[in-house]
Amino acid sequence: MNFLCLDEAQIRERVYLGSCLLVFFGFRLWDSKKEICRLVDPALFLRFALIILLQSLQNEKRLSLLLHKFVFQSPSQAHRGHQYLNQVMADSSGSQGTNIIQNHNFSGGMHSWHPICCESWVVSAESGDCYAVVTNRKECWQGLGQDITSRVSPGSTYSVSACVGVSGSIQGSADVLATLRLEHQDCATTYKRIGITSVSKERWGKVEGSFSLSSVPNRVVFYLEGPSPGIDLLIKSVVITCPSANGKERVDRGCIAANDENIILNPVFDDGLNNWAGRGCKIVLHDSMADGKIVPQSGKYFASAKERTQTWNGIQQEVTGRLRRKLAYEATALVRIFGNNVSSTDVQITLWTQMPDLREQYIGIAKVQATDKDWTQMQGKFLLNSSPSKVIISIAGPPAGTDILVDNLTVKHAAKAAPSPPPIIENPAFGVNILENSDLYNGTNGWFPLGNCTLSVQTGSPHFLPPSARESLEPHEPLSGRYIVVTNRTQTWMGPAQMITNKLRLFLTYQVSAWVRIGSGASGPQNISVTLNVDDEWVNGGKVKVNDDGWHELSGSFRIEKQPSKVKVYIQGPASGVDLMVAGFQIFPVDRHARFKHLKEQTDKLRKRDVILKFSGVDSSSLLGATVIVKQTQSSFPFGSCISRTNIYNEDIVDFFLKNFNWAVFENELKWNCTEPQQGNFNYRDADELLDFCKSRGFETRGHCIFWEVESAVQSWVRSLNNNDLMSAVQNRLNGLLSRYKGKFNHYDVNNEMLHGSFFQGRLGNDIRANMFKTAHRLDPSATLFVNDYQVEDGSDPKSSPESYIEQILDLQEQGAPVGGIGIQGHIDRPVGPIVSSALDKLGILGLPIWFTELDVSSVNEYVRADDLEVMLREAFAHPAVDGIVLWGFWELLMFRDNAHLVNAEGDVNEAGKRYLALRKEWSSHAHGHVDERGEFKFRGFHGIYDVEIITASKRTTKSIVVDKGESPLVVSISLSSRM
């Protein structure tokens with residue numbers, strides 16, 4: 001029955017009949033969907049539910065109008081009820097199947113949809129419905145598409161129904177087509193027609209049809225096309241469902257056959273060496289080796305890779321066509337080594353891909369220390385963003401001459417890990433020192449010497465807390481003035497120690513604070529550190545470099561995320577024979593959220609400005625009380641992320657990147673070892689394409705990096721050059737890169753990590769670093785030139801302390817280097833706000849802009865990771881010396897560090913990602929109100945670009961304004977005159 005054909009009397013008759021039926025069958029919907037109570041009076045619920053039950057309705061707008069007329073008080077309530085009941089019916093009707101189209105009715109804007117060589121946007125109708133407008137079409141085939149590769153499976157039949165329309169200069173009607181684009185690996189792309197309909201202007205029509213795929217190609221794109229060039233295509237909704245035979249729905253990735261199947265053929269060598277090959281070496285099948293001492297674990301046989309002459313030689317299998325893009329896979333293997341007098345070495349699993357344009361990529365999946373004593377399991381995950389024409393998985397890695405033995409290899413679709421629960425910490429005792437007798441009033445009670453050194457107590461140390469602890473412990477008591485003296489030290493690790501096993505709480509962040517000093521006899525600066533021995537693993541609690549006989553602050557932090565059986569803490573470091581003195585040693589759990597109120601106040605003062613909008617151009621009577629809606633559309637503060645060329649094959653990654661960042665840095669594509677991997681063999685293609693991608697979308701970019709001072713990061717051909725040739729290569733690198741991209745990159749990291757490496761300086765002399773800056777500035781004077789280094793902000797590395805960084809920068813400036821900015825990479829764990837803020841304060845005295853250039857935080861628990869990220873973002877955003885924040889990625893399996901991602905591999909935003917989005921929302925301003933009697937509207941907003949909408953009795957006007965930095969209120973005059 002078509003409900004739209006009924007008149008009002010018939011509708012009322014069926015409402016009455018349906019009410020009786022609902023009573024008879026029990027209030028199924030009412031029980032499970034109490035949410036409806038918030039939308040509708042209970043007395044009207046039966047009528048509402050009956051309309052849905054009688055409805056095989058296809059016209060969503062008419063349904064909303066009917067709901068308004070018979071059930072709800074307003075069209076907006078009707079629309080909300082309609083949307084909710086759509087979900088109710090979807091949940092309760094498995095036989096109809098789940099819609100595999102994401103954002104099917106455009107309620108999420110253009111999310112998941114992509115215009116095909118044209119433009120598109122979403123319009124909200126007065127009824128509350130949304131529809132997409134596809135415009136600027138130059139060809140009939142141009143339209144709107146969505147990648148559905150990961151949501152279809154072979155052998156299943158899918159039903160398609162799309163509500164479409166047309167607009168523009170059209171006579172009569174126009175055809176709209178539903179089409180599949182099927183991208184194959186080894187042959188040309190093919191197209192599959194699903195359905196066609198003829199649509200008249202100002203009327204909605206339906207494209208319907210079905211399709212089935214015998215096999216799933218590398219990529220499947222559903223799209224709508226068809227009207228003549230110049231005619232806009234309108235799309236209200238798209239539904240593609242796949243009901244199974246038993247009436248249960250096929251859900252998204254759940255119907256992928258590969259979920260439960262190993263994509264590796266002959267995985268335990270039951271079929272000999274079929275499907276396997278040697279990678280530059282010979283492979284042999286065994287049932288045992290070494291006189292029966294080595295036998296298979298999984299089946300009857302295992303394989304060995306023999307006669308290996310290179311580390312990359314190993315065993316491999318081609319898996320082309322068996323992997324699906326945008327899905328996470330987990331690889332597991334059982335391996336060991338044999339021969340060449342090597343008892344243990346690294347073995348790794350690698351995925352090699354080749355695109356149709358012959359570009360190659362190596363994806364590291366897993367690495368393990370394998371031995372010759374027993375089989376070792378290795379495991380890792382990977383994500384394929386592209387649709388390569390060839391894919392090979394291999395196991396390699398040991399030195400030449402060492403055999404690799406493989407018992408089995410499994411590659412399956414990775415199961416989604418259950419989200420980690422938020423840690424529950426009762427009575428955390430923030431600010432309470434967990435060390436016994438820290439003030440030393442009881443002598444050395446509670447302390448013991450680590451090693452055969454001697455502990456004693458003396459007086460004369462500072463009575464005030466070190467600065468970082470002072471901020472965390474306000475208010476606080478003065479220190480006792482007593483300190484431990486450690487003498488008779490014969491090893492660097494000897495010092496005062498305590499057992500703290502039972503005093504630690506999991507997932508709490510502990511701050512470490514102490515005054516330290518060294519005695520006479522030291523030859524040069526000495527490193528002093530707080531170290532924790534956690535079940536015989538060492539954890540760094542903070543380090544400092546001491547180069548005189550004064551007292552120095554030692555600060556740091558740590559966190560334990562797995563229950564230990566034994567934890568010992570001690571202070572160590574000076575050379576043997578040098579006395580060590582320790583005062584005011586404290587370890588306390590820090591309430592990191594306690595600073596947030598202060599940081600929010602600082603942020604308000606620093607990043608926001610008062611704005612006065614003064615309206616004119618109409619008479620005061622029509623202006624008074626006019627509605628003003630202010631919405632920030634863009635932040636002027638740089639929030640960026642690194643991105644790689646291969647990332648942009650994945651539309652979901654691109655979508656998150658474009659929506660949530662405004663700056664970019666290339667992870668590898670601009671590095672010298674990527675642009676010139678072999679001498680004279682240049683590859684700027686990836687960098688060029690990535691730069692075009694960013695610039696075409698309005699993103700500013702950082703150039704990372706021109707050089708890298710750490711020797712292990714320098715490609716082998718550069719390391720092998722003599723000094724004269726090396727100097728020529730350096731000059732060629734500068735001339736080639738800076739000339740090619742002149743004016744295109746806003747920043748350059750000139751020589752990365754100079755606090756941690758000295759390759760170029762050691763080979764070419766002390767002035768080479770300054771000359772790199774000078775030459776770069778001469779070739780591209782518009783770019784700001786940065787130093788860039790890590791572990792500057794957390795107190796964990798004396799080599800890169802703020803003091804060491806300042807000394808390096810001043811030395812460069814004295815040599816004439818035009819250092820324009822300070823880069824703090826920000827690869828940090830368990831950050832403590834006062835420690836980070838103290839480092840920023842110290843660096844801020846140089847007067848240079850500070851950027852966090854590679855920020856990431858890592859924790860297995862995503863709630864803890866979210867807290868860490870919030871600490872770093874709030875500290876940076878509230879500090880006046882910080883001018884930008886760039887994250888070092890955001891997508892799982894595509895990041896430098898594990899457990900640092902904001903978005904899980906298959907697109908789910910985790911708690912850390914939600915915290916980032918919440919902070920970005922908090923740091924975006926919106927206001928609404930009315931024009932006052934003086935013709936003004938005032939608000940306070942974050943710096944950036946705003947749309948201002950003014951609604952009077954006669955018209956609606958929108959203007960764009962820029963709120964920039966300034967101490968005084970910004971006064972913006974807006975004319976509403978029609979003569980503009």
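This is a predicted model: local features need pLDDT of at least 70, side-chain atom pairs count only at pLDDT 80 or more; totals for chains, interfaces and linings use all residues.
1. Residues are numbered from 1 along each chain as its sequence is written, and side-chain values use heavy atoms, with hydrogens and water left out.

2. The overall tally is 19 helices and 46 strands; these are DSSP runs numbered from the N terminus, with helices being H or I of at least four residues and strands being E of at least two. Of the 980 residues, 53% are buried (buried means under 20% relative accessible area, exposed over 50%, partly exposed in between, with a 1.4 Å probe and protein chains only). Take the contacts between residues at least 6 apart in sequence, and 76% of them join residues at least 24 apart; a contact here means heavy atoms within 4.5 Å.

3. Have a look at the open sheet that runs β21-β24-β29-β26-β27, five strands with antiparallel pairing. Its edges are β21 (448–450) and β27 (537–546), each with a single partner strand, so one side of each has no neighbour in the sheet. From one strand to the next the twist averages 25° (axes are lines fitted to C-alpha atoms, for helices over the stretch in contact, and angles run from 0 to 180 degrees between N-to-C directions). Inside this sheet, β26 (residues 526–534) and β29 (residues 567–572) share six bridges, and Leu532 sits opposite Val569 in β29. Strands count as paired if DSSP finds at least two bridges between them.

4. Another open sheet of five strands goes β22-β23-β30-β25-β28, again with antiparallel pairing. Here β22 (454–459) and β28 (552–559) are the edge strands, pairing on one side only, and the twist averages 30° from one strand to the next. Six bridges connect β22 with β23 (residues 482–487); Ser456 has Val485 as its bridge partner in β23.

5. Further along, β44 (residues 944–951) and β45 (residues 956–963) run antiparallel and are joined by eight bridges. A hairpin of four residues links β44 to β45, and Val948 is partnered with Lys959 in β45.

6. Salt bridges come to 42, counting a side-chain nitrogen of Lys or Arg within 4 Å of a carboxyl oxygen of Asp or Glu. One of them pairs Asp868 with Arg559 at 2.6 Å, N to O. That pair links distant parts of the chain, with Asp868 in helix α18 (residues 862–877) and Arg559 in strand β28, 309 residues apart. Asp868 is buried at 0% relative accessible area, and Arg559 is buried too, at 11%.

7. Glu936 and Lys614 make another salt bridge, with their closest N and O atoms 2.4 Å apart. Glu936 belongs to strand β43 (residues 936–942) and Lys614 to strand β31 (residues 608–616), 322 residues apart. Glu936 is buried at 9% relative accessibility, whereas Lys614 is partly exposed at 33%.

8. What about disulfides? A search of the whole structure finds zero, a disulfide being a pair of cysteine sulfur atoms within 2.5 Å. For Cys674, the nearest cysteine sulfur is that of Cys705, 9.6 Å away. Cys674 is partly exposed at 27% relative accessibility.
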